[in-house]
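The following exercises are to be worked with the sequence and the structure at hand.

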Amino acid sequence: MRAPDLDALPAIPRDPGGPVFRAPWEAQAFAMAVMLHERGHFTWKEWAGRLAEEIAAARARGERDDGRRYYHYWLAALEKLVADKRIVLADELRERRDAWDAAARATPHGQPIVLGGHERAP
Amino acid sequence: MSHEHEHHHHHHDDDDVQEHRAHDAPLTDVELRVRALESLLVDKGLVDPKALDALIDTYETKVGPRNGARVVAHAWVDPDYKRRLLEDGTAAVAEFGFVGRQSEKLVVVENTPAVHNVVVCTLCSCYPWAVLGLPPVWYKSAPYRARAVIDPRGVLQELGVEVPQTAEVRVWDSTAEIRYMVLPERPPGTEKLGEEELAALVTRDAMIGVATVAAPAGGTRR
């Protein structure tokens, strides 16, 4: 897999070896955007533009721009882009998010959180 | 459709910005949204989960501060620190600035010629990623977990770790309260290396007990 062009992105947290992440979910969000791009759902330039818009909007809201929320913006931009492309709709996302939340709350510690089939009795 | 994921009981992110997580919710808002998007993309056939996992795994060492390697190297050169580490892992690791907000205890178990420790689980928040980096993809798979408990020696052999028959294999499964990390054996031929060089040798896999630490290539043995 070729490396995504990080230079095209607004100030991504990185070290000489590539992007760095503060938590596993950030790496997941990063990887999803890279894969959707590779599958041709959007160009990297388009993605960089959407991410820059999201960051600019946050700045306009007065949020401190110290890189700590980078992947919050990344995820928000990705959610909006897939919705605009009608790949995954906002309603679907909301519904699925709530299903995961319910499943996670109903799952005893140490058990895999499973979705679908599903809601075990609390 | 079913998905297996680690779940977080506690807030591992030291982010002090708002995370929108209710007190009783195991997953934060962003974690839930990432899961939602990922599972929908997989359901729709737009993303191959294996390819996605493989990509994420390339960032193995890029998640969290990965203090574990520094902790291991320090324990190798400072016997007093090693004693503290084995006595109270949580406190000893905290000396390195890793102060998790989680209330679980971190227990460090030492590999010796007589005992080889392996950590399983970790479906859940038990995986101390802030210490170890990202968990390996296969780690979460049900077959690995099951086999690691039933036949740890066989699993280790497949992963390239030969544990001598004379050595005992201990398997540690995280609980809601306790997470584990392995203190691997210091490889021979590293007597002259400094702490930083030693830390660079310590891999995530060694700290979960599924690999040994190799001496640097071309390293001189005494």
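**Exercise 1. Fold of chain A**

Read along the sequence, chain A shows the order β-β-α-α-α-α. This is a predicted model.

*Task.* State how many helices and strands chain A has, and what share of its residues is buried.

*Solution.* 
1. Chain A holds 4 helices and 2 strands.
2. Chain A has 122 residues, and 47% of them count as buried, the cut-off being a relative accessible area under 20%.
3. Among contacts in chain A with a separation of 6 or more, 55% join residues 24 or more positions apart.

**Exercise 2. Confidence**

*Task.* Determine where in chain A confidence is lowest and where it is highest.

*Solution.* 
1. The mean pLDDT of chain A is 86, and 89% of the residues score at least 70.
2. Confidence is lowest in strand 1 (residues 14-15) of chain A, with a mean of 79, and highest in helix 3 of chain A, at 96.
3. For residues 117-122 of chain A, the pLDDT is below 50, and this stretch makes 5 contacts in the model beyond near neighbours in sequence.
4. Where pLDDT is low, the predicted coordinates should not be read in detail.

**Exercise 3. A helix pair between the chains**

*Task.* Describe how helix 3 of chain A and helix 1 of chain B pack, giving the angle and the distance between their axes.

*Solution.* 
1. Two packed helices are described by the angle between their axes and by the distance between the axes.
2. For helix 3 (residues 70-84) of chain A and helix 1 (residues 29-43) of chain B, the angle is about 35° and the axes are 11 Å apart.
3. The crossing of helix 3 of chain A and helix 1 of chain B is left-handed.
4. Helix 3 of chain A contributes A:His72, A:Leu75, A:Ala76, A:Leu78, A:Glu79 and A:Val82, which meet B:Val30, B:Arg33, B:Val34 and B:Leu37 of helix 1 of chain B.
5. By class, this contact has 7 nonpolar, 1 polar and 2 charged residues.

Note on methods: Residues are numbered from 1 along each chain as its sequence is written. Chains are lettered from A and ligands numbered from 1 in the order in which they are written. This is a predicted model: local features need pLDDT of at least 70, side-chain atom pairs count only at pLDDT 80 or more; totals for chains, interfaces and linings use all residues. Side-chain values use heavy atoms; hydrogens and water are left out. Buried means under 20% relative accessible area, exposed over 50%, partly exposed in between (1.4 Å probe, protein chains only). Contact means heavy atoms within 4.5 Å. Axes are lines fitted to C-alpha atoms, for helices over the stretch in contact, and angles run from 0 to 180 degrees between N-to-C directions. A crossing is left-handed if the near helix is turned anticlockwise from the far one by less than a right angle, and right-handed if clockwise. Ala, Val, Leu, Ile, Met, Phe, Trp, Tyr, Cys and Pro count as nonpolar, Asp, Glu, Lys and Arg as charged, and the others, Gly among them, as polar. pLDDT is the predictor's confidence in each residue, from 0 to 100.
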